[in-house]
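Colleague: Could you take me through this model? I would like to go one topic at a time.

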Amino acid sequence: MHSLRWKITLNFLTLLFFTLLGAYLYLHQAILKAMGLPWLPPFRAGFLAARLEGQLLAVMILVLIIMGIGTFILARGIITPLTALLPLTRRIAAGDLEQRVEIQSDDEVGLLSHHLNIMVETLRNNFREIADERNKMKAILASITDGLVAVDQVGRVIMLNPAAEKMFGKKGAEVEHKYLLKVIRNHEIDAMVKEILASGLPLENEVRLFPTTSQLFRIYGTPITSEQGRIIGAVLTIRDITDIRRLEQMRTEFVANVSHELRTPLTSIRGFVETLLEGALEDPEVSRRFLGIINHEAQRLQQLIEDLLSLSRLESQPKRQDAGRADLAATLDRVLTTVNQLAREKGVALEKEIPAEIPELAISESYLNQVLLNLIDNGIKYTPAGGRVTIRAARLGELVQVEVADTGIGIPPESLPRVFERFYRVDKARSREMGGTGLGLAIVKHIVESHGGSISVTSRPGQGSHFFFTLPIAAEEGGRSNYQEEPGT
């Protein structure tokens, strides 16, 4: 600002100098004319004229000095308030919008200060609104479980929401301004984005983002347009639909399996009834045998329906905080009493290894009875004569682990991941022959998991199977509820 002060002073003095110089030359010529002399250089027209010219020159120099000093003082008076604005404007330019200009005057500088304060206040309010909107947008984007990816008009990434960052394992700052193909190495998505940018139309597709996994994603892309209608980018919404497709497949398989399981006994019943109606009823021995088969198939049908209803109730009930209490040893004794006859008929020995200090479990006795009965019954059915089924238990911290081990035919490795699926049978013909519905282990899994436990199995063909399930220990007696859950069957 000092340079501006001197510029004003020097410019004014230069202009004043040439003005005074012109006035001096004019007066010099006027003096010569008044004396009747021709034009002569200054101070060459005689003593009197030279004296007048000297006095005139002295006055002009004095005027020049006085005007120069006055101009400098005046320029400083104008520039000083502007100089005071400089550090404030520097801080404002650096982003500090809490500054306020305190210059009180009723001239243009005061008006400039007032307008500058209004401008800073407006900017501060605008920035606060922008920050609030940005925070709202961040909160909205963070709450969206689908992945969102925004790209510019040439396909470079400009934004990832947290769900997309988690999906790709990359932070938004790492991939900003990189081409989408370098971030998501998927040519289908890259081609989809290019088509959206070229056509301006929304597109939808289902792709596998990662070739090494079985995850399936639905991609929905829409263009971003400016106020003038020009395409300036695109937004992709990425949703993982793996579970949805898996559930749809499970539902389809479930309907097909239920239809098949219901059709088999109904077909058998209908066939034998038709045979009886066509004349076999006259033969007492044949009719008795056929009626026995019809009764057996009807029982199978009833058991299947009861298992389906039980499974449906288990799946529709939320996990309960107070699940009841059950004594493992006492419940196991009742189950072994129930299956003893079957074990003797099969020639299978039953053994139990339950420590006396095992505490009560957080599950109702009826549900625990159903879990143990299913697992032990399966062990007996698939163990040849001379084998054994052993039930063991051990405490693991706040859980109790129960093992049901048999020395039966075992389960092939490829079938182990699916044994808890509905209607899945390792040996379909043998399972139906033994009266199984294919739902027992699915029911067991739902009961255990709904009570906060887990279940697993290990097996080797020809060497038997080991089923393990854990259940939490019941709370102390003081927190016990009188409520007891009842099983679905």
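Modeller: The conversation below turns to the sheet, a helix, the aromatic pairs and a surface patch. Please keep in mind that this is a predicted model.

Colleague: Let us begin with the sheet. In what order do the strands run?

Modeller: Five strands form an open sheet, and their order is β6-β7-β8-β10-β9. The pairing in this sheet is mixed.

Colleague: Which strands stand at the edges?

Modeller: Those are β6 (349-353) and β9 (454-459). Each has a single partner strand, so one side of each is left without a neighbour in the sheet. From one strand to the next, the twist averages 15°.

Colleague: What holds paired strands together in general?

Modeller: Strands of a sheet pair through backbone hydrogen bonds, and the pairing is either parallel or antiparallel.

Colleague: In which sense do β7 and β8 pair?

Modeller: Strand β7 (residues 388-396) pairs with β8 in the antiparallel sense, over eight bridges.

Colleague: Now helix α13. How many of its residues are buried?

Modeller: Helix α13 (residues 440-450) has 11 residues, and eight of them are buried, so the helix is largely enclosed by the rest of the structure. Among the buried residues are Gly440, Leu441, Ala442 and Ile443.

Colleague: And what comes just after α13?

Modeller: Gly452 is found there, with a positive phi of about 85°.

Colleague: A change of topic: how many aromatic pairs are there?

Modeller: The structure holds two aromatic pairs. One of them is formed by Phe420 and Phe467; it is edge-to-face, with 6.2 Å centre to centre and 90° between the planes.

Colleague: Where in the chain do Phe420 and Phe467 lie?

Modeller: Phe420 lies in the loop between β8 (399-406) and α12 (428-433), whereas Phe467 belongs to strand β10 (residues 465-472). The two residues are 47 residues apart, and the pair links distant parts of the chain.

Colleague: Is Phe420 buried or exposed? And what about Phe467?

Modeller: Phe420 has a relative accessible area of 14%, so it is buried, as the cut-off for buried is under 20%. Phe467 counts as buried at 8% relative accessibility.

Colleague: Finally, the surface. Which residues make the nonpolar patch?

Modeller: Leu57, Ile61, Ile65, Ile69 and Ile73 make a nonpolar surface patch of about 440 Å². Of these, Ile73 is found in helix α2 (residues 47-93).

Colleague: Why does Ile73 count as partly exposed?

Modeller: Its relative accessibility is 48%, and partly exposed covers the range between under 20% for buried and over 50% for exposed.

Note on methods
Residues are numbered from 1 along each chain as its sequence is written. This is a predicted model: local features need pLDDT of at least 70, side-chain atom pairs count only at pLDDT 80 or more; totals for chains, interfaces and linings use all residues. Side-chain values use heavy atoms; hydrogens and water are left out. Patches are made of residues with over 30% relative accessible area and no salt bridge: like charges are joined within 9 Å, nonpolar side chains (Val, Leu, Ile, Met, Phe, Trp, Tyr) within 5 Å. Accessible areas come from the Shrake-Rupley method with a 1.4 Å probe; for residues, only the protein chains shown count as cover. A salt bridge is a side-chain nitrogen of Lys or Arg within 4 Å of a carboxyl oxygen of Asp or Glu. Helices (H or I, at least four residues) and strands (E, at least two) are DSSP runs, numbered from the N terminus. Buried means under 20% relative accessible area, exposed over 50%, partly exposed in between (1.4 Å probe, protein chains only). Rings of Phe, Tyr and Trp (its six-membered ring) pair if their centres lie within 6.5 Å; planes under 30 degrees apart count as stacked, over 60 as edge-to-face and the rest as tilted. Two strands pair if DSSP finds at least two bridges between them. Axes are lines fitted to C-alpha atoms, for helices over the stretch in contact, and angles run from 0 to 180 degrees between N-to-C directions.
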